Each structure stands twice: as structure tokens, then as C-alpha cells.
Amino acid sequence: TSSCEADLLRDELPSQYLSLGMAEQNMMSFAGGLAREGYHPYIHTFAVFVTRRPFDQVAMSIAVPNLPVRLLGFLPGLTTPGGVTHQAIDDVALMRAIPNMRILEVGDATEVESVLDVAESIEGPVYIRMWRGQVPRLFPTPMKFGVPRMLSDGTDVALISSGLCTEEALKVKKTFALSGIQIRHLHLSTIVPFPTRDIVEAAEQVKYGVVVMENHSIVGGIGSLTAEALAEHGIGKKLLRLGVPGVYAHGASCGYLMKEYGFDSSALIQAVEKLVGRSLQSAGNMTATARQVLSAEERPEDL
């Protein structure tokens, strides 16, 4: 309960709170039953226990009848140090395969605050990749369903990021600017339905290619969705996917794991260098820049 911060809701609205214990399959069917009776249930647990463990119940009890159940999966990808049993590196791949399911992901405190309004505006089930604890505030405006945020415009490389990877990418924006590399950077908060038109347009307007950066396996997530979109529209641009490279990760801090598996800011610089065919700056400067964080004024609010 407290691990997913659901205790805050329990204390504030006890009559609207139900704890069903560690029985996620039953919880999905129970929520489907509530939705059939006119309620809008919100499920809170770790992302891996919303998606992988109760997959059949999500599909049969919630998605098939297209019920308004909102599934909040906390600590997706490698944000948890709990090791392979708790790391939802395949949640997007699983949920995007379910008809009627919509997928959202928050990338900052503003999107955490506004995602429930977005979810409630959607007919049918919604899966949300959610953060907890200390979350950066990057954006001044609320999340909009189906609308990517363009964080920078450029004609050299298109960068597609989501979730915590967007903050990671912003750490090295000055590196690209100082090296004369123009980045067309799109942040995705809506993963399904995928904003195909925006992705294809971004790829068409850049010279060297596309980099996708995600806190998920490179199989079945945003990288795969991007590859499908480019292939279906005949866009012959190079695509590099940064994420968990088709392996099970071990338990460690999120920052360590992002570096270990090649989707931190340093890996992004290397990917862009590979696309443009040259080094952006000296290795020492690159490392220093990659370690920069947002200023105290820009960064965190403890949610």
C-alpha cells in the first residue's frame, strides 16, 4: 500500500479505498465487475503486477468488454532496484497487444498531476506508467492525450523519448548545441494510440536519422512502434533504439542500470555520434556534460 503511495488515498478517502492484497488476478476481475456496475475503478500496484502477472484477467475481464478501468503501474522499467521480479521491462509490449487498451506515461511532475484527468477523458481501459517519490518538473503545461511535446526543433537528428528518459536526454542538450547538432526532440506521454504522423514527420525532416530512448525493452516498446511506423510509411532513415537490450537486468539503482544497459545520457551522445559520423566533443567534456543535472530551480518536487 505505502510502496505505491496508495495509503495517501486510503487516509484521505477511506470509503473509496479497497485493499485486495497480493492477489492481482482477482483484483483485475474485481475491478471489471465494479466497472460493469457503473464505477470507474483505479488499480494501484507495481507495473509488473498490473501487466505480466494478471495479463489474462486484464484482457478478458477489462479489455474485451472495453470497461473504464484505470491501471496505474508504479516503477516501470528499471526504476525499481527490486531486480527482475519487479522490473516491468515488457509492460508496454504486453499492453499494446491488447485491443481497446490505451497507454500513457508520465515524464515529470506536471504530467503526474494531470494524467488522471487525461485518463478519465478516455473511454475504455487505460494503463499508466507512473512514478512515485521525487519527480522533476520539466513542463509548464498539462499533458494532452495523443499530443507529443516538441522540446526542440532541428534538422539533423530526431530524438523520441518518454518517461524518465526525457529528463536524461535533456541533460545533454547543451552538448548537442555546442557541437552544432540540431535535435528535433519529441517527448511522448501517449504511447497507445501511437502518434505515428508526428513520428513520421520528424523522421522525414531530419538528415541523419532517429534515436529512440525508453525505459523498457527495445523489443515491443516505443522503439518497435517507431520502427513499424517508419517501415509502413517507407521512411528510409537510420533508427537507433536505446533501452533494455533484450536481457533480464539485475537489481541496482536506476542510474547505474541505465548506464549499464546503454540508455543514459552518455549512450545518447554516442548514438548521435554514430548517426552523424563524427565525435561531438572530447571525451572529458562529454562525460562532464552528461553528468549535469537540472538546476535546483528546475528540478525536483517531492510528490
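## A friendly tour of a predicted structure

Of the 91 residues that make up the largest nonpolar core, L71, F176, V211 and L268 touch the most other members. Helix 12, which covers residues 265–276, gives the most to this core, with 6 residues. Keep in mind as you look around that this is a predicted model. Below, we visit the core, a sheet, a pocket and one cysteine.

- As background, nonpolar side chains in soluble globular proteins tend to be buried together.

- In what order do the strands of the open sheet lie? Its 5 strands follow the order 1-2-4-3-9, and their pairing is mixed.
- Strand 1 (42–46) and strand 9 (190–192) are the edge strands, each pairing on one side only.
- On average, neighbouring strands of this sheet are turned by 20° against each other, direction ignored.
- Helix 2 (residues 24–36) packs on the sheet, where it touches strand 1 and strand 2 (70–74). The direction of helix 2 makes about 165° with that of strand 1.
- Strand 3 (residues 102–105) and strand 9 run antiparallel and are joined by 2 bridges.
- To see a bridge for yourself, look at L104, whose bridge partner in strand 9 is T190.

**The largest pocket**

- The largest pocket holds about 1300 Å³ of space.
- The lining of this pocket counts 41 residues, and the closest to its centre are A6, L9, Y17, Y42 and H44.
- Which elements give two or more residues to the lining? They are helix 1 (6–12), helix 2, strand 1, strand 2 and helix 6 (109–120).

**A closer look at C4**

- You will find C4 in the segment before helix 1.
- Is C4 buried or exposed? The relative accessible area of C4 is 6%, so C4 counts as buried, the cut-off being under 20%.
- Leaving aside neighbours within four places in sequence, C4 is in contact with T45, F46, F74 and R132.
- C4 and F46 are 42 residues apart along the chain, yet their C-alpha atoms are separated by 7.0 Å.

Note on methods: Residues numbered from 1 in each chain as written. Predicted model: local features only at pLDDT ≥ 70, side-chain atom pairs only at ≥ 80, totals over all residues. Heavy atoms only, no water. Core = buried A, V, L, I, M, F, W, Y, C linked by side-chain atoms within 4.5 Å. Buried < 20%, exposed > 50% of the residue type's maximum accessible area, 1.4 Å probe, protein only. Helix = DSSP H or I, 4+ residues; strand = E, 2+ residues; numbered from the N terminus. Pairing = 2+ DSSP bridges. Axes fitted to C-alpha atoms, helices over the stretch in contact; angles between N-to-C directions. Contact = heavy atoms within 4.5 Å. 1 Å grid on protein atoms, 1.4 Å probe; cavity = no way out; pocket = protein on both sides within 12 Å on 5 of 7 lines; lining within 4 Å. Points joined across faces, edges and corners; volume = space filled by probe spheres on them.
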